[in-house]
Amino acid sequence: MSDLIYRALAPTGADWNSVALETALGAFALIILLVDAFRGKRFQMPSLGTPIMLLLLLLALWNAFSTPSGVSVSYFGGMIEHTRGVQFLRAFFLLCGLLVCQLGGVVFRKQNLPRAEFDVLVLIGTAGLMFLAQCRHFALLFVALETLSISMYVLVAYIRHSPASLEAALKYLVQSGLSSALLLMGMVFLYGAAGNPNLPGAVDDPFSFAQLREFIALNTDNAYILGGAMLVVAGLLFKIAAVPFQIWVCDVYQGAPTPVTAFLGVASKAAGFVLLANVLGIPFAPLKFVMLPLLSAVAILTILFGNFAALGQRNVKRLMGLSGIAHAGYMLMGICAAYTVSWAVEAVYFYLFVYLLASFSIFGVMAQLSGEDDSIQELSDYAGLMRKDSFLGGILAVALGSLAGIPPMAGFAAKLLLFIAAFKAGLYGVLGVALFGVVLSIYYYFNWMRQAVFVPVSASDKDEDATAPVEPSQVGFWTRTTLTTLALLTVCLGFWQGFLHL
């Protein structure tokens with residue numbers, strides 16, 4: 001390990017400017033902790049997460065647009081690789097962090113919870129996500145993934161006085177620990193096999209994606225290689241909540257604070273797909289004969305489970321979790337298509353961005369309607385929302401239409417691109433199941449939309465403790481601006497996807 005660290009930090013391979021954004025996130029997190037620890041009781045600590053994320057997001061977008069297409073540069077001895085697509089992924093995760101911080105400002109004002117610790121955890125988790133987007137080495141992958149996971153453990157349990165939040169954190173800790181164990185065991189198998197001098201093509205750095213690919217190509221029938229690859233993929237399937245690793249989703253989504261649920265449902269899921277695309281496309285590319293049928297079957301089961309389980313769900317946070325499982329199945333279909341179709345991975349990334357727009361729009365509405373216990377939000381709480389608050393009702397309708405794949409919303413274009421990729425790749429069985437899943441999803445998305453648009457509020461239909469929609473004046477200026485921007489992008493991207501090729 002010391003030799004690995006020395007090679008990574010050697011002057012020829014190190015360039016700390018390449019990770020300046022991630023370093024800045026860590027530095028700002030430390031500064032916030034110190035200021036909060038030594039501030040006087042009379043000094044009110046302002047929320048710094050949102051302006052920090054906004055500043056770094058602008059810098060990340062500048063890097064992305066100034067990076068030429070097709071150029072790839074490696075740093076730290078090949079542990080990190082930068083391309084234009086990677087730069088956009090770093091900006092994607094910063095955008096997730098920015099939106100989570102803003103949602104936190106809405107929710108935690110109602111619950112009188114501290115903001116400094118929340119901002120620190122989001123900053124650290126975002127840094128972990130950004131490292132995952134650019135890593136090309138299993139050692140960095142595991143460290144970055146654990147950095148993200150530890151932040152998530154605390155964030156899920158952030159409402160310390162809520163039994164639902166604590167229960168969700170415990171369940172997430174146990175099952176996420178299992179996925180990390182599977183991932184680490186798979187890495188150990190790969191390391192042991194690739195470093196064995198008795199096998200053909202043994203390499204000096206078995207954790208390097210590029211070197212591991214060359215070794216696996218010469219040993220595709222090795223049991224340790226196959227077993228290790230299966231365990232690594234199983235650990236990543238947990239992160240995207242694919243069957244059979246989806247059992248944690250409903251309880252964790254419901255018990256976690258709404259901003260954390262959004263962070264889990266969008267950013268963590270996106271990181272899982274980025275890692276899957278990287279490991280399947282580089283080190284595990286020679287194992288197509290095993291991975292393609294396996295992941296195709298997982299995609300089918302994931303689509304069917306997510307959609308059928310969501311049909312009768314009444315709690316909206318659990319509904320978002322189950323529908324997110326179905327969306328993971330659609331994107332997994334795109335990952336399978338990437339073995340044959342060169343642009344399928346870009347279609348998956350476009351789908352992730354569209355999913356971000358719709359999901360954060362919905363979670364933004366949920367944050368405005370939540371009470372002291374935001375784990376209890378039923379479909380009936382949204383009855384008559386369009387009449388009481390046309391702005392929030394309109395945002396919800398646009399976002400749900402996009403998730404359902406209704407034109408002209410961006411969700412329709414995103415699904416269409418994935419379906420075309422699956423068709424070109426010859427994945428006709430998975431494509432048929434995906435089309436069936438889209439039909440099923442229309443029922444529960446439109447049922448939610450019907451509650452908000454057509455069902456009137458009736459005292460007999462609502463409990464006395466049910467959450468009532470807020471008045472328009474209670475939606476802050478920045479929240480209104482953010483939700484409007486997300487909705488406009490959702491509509492505009494349904495007509496234009498010119499930036500798709502990265």
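Predicted model: local features only at pLDDT ≥ 70, side-chain atom pairs only at ≥ 80, totals over all residues.
Visitor: Start with helix 14 and helix 17. At what angle do they pack?
Guide: Helix 14 (residues 344-369) and helix 17 (residues 410-424) pack at about 160°, and their axes are 9 Å apart. Helices here are DSSP runs of H or I with at least four residues, strands are runs of E with at least two, and both are numbered from the N terminus. Axes are lines fitted to C-alpha atoms, for helices over the stretch in contact, and angles run from 0 to 180 degrees between N-to-C directions.

Visitor: So is helix 14 roughly parallel or antiparallel to helix 17?
Guide: Helix 14 is roughly antiparallel to helix 17 because of that angle. Angles under 35 degrees count as roughly parallel, over 145 as roughly antiparallel, 65 to 115 as roughly perpendicular and the rest as oblique.

Visitor: Left-handed or right-handed crossing?
Guide: The crossing of helix 14 and helix 17 is left-handed; that is, the near helix is turned anticlockwise from the far one by less than a right angle, whereas clockwise would be right-handed.

Visitor: Which residues make the contact?
Guide: On helix 14 they are Ala-344, Ala-347, Val-348, Phe-350, Tyr-351 and Val-354. Helix 17 contributes Ala-410, Gly-411, Ala-413, Ala-414, Lys-415, Leu-417, Leu-418 and Ala-421. Contact means heavy atoms within 4.5 Å.

Visitor: How many of those are nonpolar, polar and charged?
Guide: The contact of helix 14 with helix 17 has 12 nonpolar residues, 1 polar and 1 charged. Ala, Val, Leu, Ile, Met, Phe, Trp, Tyr, Cys and Pro count as nonpolar, Asp, Glu, Lys and Arg as charged, and the others, Gly among them, as polar.

Visitor: New topic. How many salt bridges does the structure hold?
Guide: There are 6 salt bridges, each being a side-chain nitrogen of Lys or Arg within 4 Å of a carboxyl oxygen of Asp or Glu.

Visitor: Which ones join up into a network?
Guide: Glu-167, Lys-171, Asp-251 and Arg-318 are linked in a network of salt bridges. Within it, Lys-171 pairs with Asp-251, with the closest N and O atoms 2.8 Å apart. That pair links distant parts of the chain, since Lys-171 is in helix 7 (residues 163-194) and Asp-251 in helix 10 (residues 249-255), 80 residues apart.

Visitor: And where is Arg-318?
Guide: Arg-318 is in helix 13 (residues 316-337), 67 residues from Asp-251. The salt bridge between Asp-251 and Arg-318 is 3.1 Å, N to O.

Visitor: What does Asp-119 pair with?
Guide: Asp-119 forms a salt bridge with Arg-115, at 2.8 Å from N to O. Asp-119 is buried at 1% relative accessibility, and Arg-115 is buried at 15%.

Visitor: What does Ser-47 contact, neighbours within four places aside?
Guide: Ser-47 is in contact with Arg-115 and Asp-119. Ser-47 lies in the loop between helix 2 (20-38) and helix 3 (49-66) and is partly exposed at 31%.

Visitor: Backbone next. Where are the cis peptide bonds?
Guide: One joins Val-243 and Pro-244, with omega about 5°; Pro-244 is in the loop between helix 9 (223-239) and helix 10. Another joins Pro-407 and Pro-408, also with omega about 5°, and Pro-408 is in the loop between helix 16 (390-404) and helix 17.

Visitor: What about phi of Ala-241?
Guide: Phi of Ala-241 is near 60°, a positive value in a residue other than glycine. Ala-241 is in the loop between helix 9 and helix 10, and is buried at 2% relative accessibility.

Methods. Residues numbered from 1 in each chain as written. Heavy atoms only, no water. Buried < 20%, exposed > 50% of the residue type's maximum accessible area, 1.4 Å probe, protein only.
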